[in-house]
Amino acid sequence: MSMHHDPQWSHTALGTPIALYSSLPLERLKNLRPILVMGGIHGDEPEGVWLAQKTLEMLTREVARVRAPWILIPCLNKDGFAKNQRGNGRGVDLNRNYPSKNWSPSFEKPRYHPGPSAGSEPEVQAVVGLLRDFKPRLVIHCHSWKPCVVYAGDPAKKD
């Protein structure tokens with residue numbers, strides 16, 4: 001496999017480019033159910049960005065040995081990361097903006113603002129498009145807290 005880079009795969013709410021790397025050109029990954037790795041969902045979690053970047057470095061070094069197809073976004077929340085703030089450039093917590101069955105406009109603290117509507121943020125819309133188009137076999141969000149990398153959540157159900 002080779003590695004591909006799209007420095008302007010998508011854009012943030014403020015227009016900042018979001019880079020994407022992949023094991024093959026995206027059009028060739030359509031039916032391969034790649035692994036999706038994302039860092040920087042929350043701009044104030046630099047360890048998540050670091051982990052995604054280190055993963056990309058390893059994939060770059062070992063590109064000939066890695067057999068599983070993959071997509072990697074080192075930093076989804078570029079504007080929040082630049083300002084060291086949890087939310088994106090409009091103050092929306094991207095993790096709470098995904099269009100899900102339990103989405104709610106309610107929030108107790110500004111840092112958890114879910115946005116004006118489910119899926120309102122372009123960063124989330126871009127990820128939802130990846131999920132829809134590529135149906136990844138595994139999605140890894142690189143988060144951190146107090147500073148450590150956190151695993152949370154139950155395994156996804158098989159199709």
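A disulfide is a covalent bond between the sulfur atoms of two cysteines. Here it is taken as a pair of cysteine sulfur atoms within 2.5 Å, and by this rule the count comes to zero. Cys-75 is in no disulfide, Cys-142 holding the nearest cysteine sulfur. Cys-75 counts as buried because its relative accessibility is 8%, and Cys-142 counts as buried at 4%. Buried means under 20% relative accessible area, exposed over 50%, and partly exposed in between, with a 1.4 Å probe and protein chains only.

A word on what you are looking at: this is a predicted model, in which local features need pLDDT of at least 70 and side-chain atom pairs count only at pLDDT 80 or more, while totals for chains, interfaces and linings use all residues. Residues are numbered from 1 along each chain as its sequence is written, and side-chain values use heavy atoms, with hydrogens and water left out.

Five strands form an open, mixed sheet in the order 1-2-4-3-5. Strand 1 (4-11) and strand 5 (138-142) stand at the edges; each has a single partner strand, so one side of each is left without a neighbour in the sheet. From one strand to the next, the twist averages 20°. Helices (H or I, at least four residues) and strands (E, at least two) are DSSP runs, numbered from the N terminus, and two strands pair if DSSP finds at least two bridges between them.

Now walk across the sheet from strand 1. Five bridges join it to strand 2 (residues 17-22) in the antiparallel sense, with His-5 partnered by Tyr-21 of strand 2. Strand 2 in turn runs antiparallel to strand 4, joined by two bridges, and here Tyr-21 stands opposite Leu-72. Strand 3 and strand 4 are parallel, over four bridges, and Leu-72 is the bridge partner of Val-37.

Helix 2 (residues 46-61) lies across strand 2, strand 3 (35-39), strand 4 (70-73) and strand 5, at about 140° to strand 4. Helix 4 (residues 122-134) touches strand 1, strand 2, strand 3, strand 4 and strand 5, and its direction makes about 130° with that of strand 1. Axes are lines fitted to C-alpha atoms, for helices over the stretch in contact, and angles run from 0 to 180 degrees between N-to-C directions; contact means heavy atoms within 4.5 Å.

Finally, visit the loops. His-42, between strand 3 and helix 2, counts as buried at 2% relative accessibility. Its side chain makes polar contacts with those of Arg-86, at 3.3 Å, and Asp-93, at 2.7 Å. Such a contact is a pair of N or O atoms within 3.5 Å; within protein, one must be able to donate a hydrogen and the other to accept it, and residues adjacent in sequence count only if both atoms are side-chain atoms. Asn-84, in the loop between helix 3 (78-83) and helix 4, is exposed at 54% and has a positive phi of about 55° although it is not a glycine.
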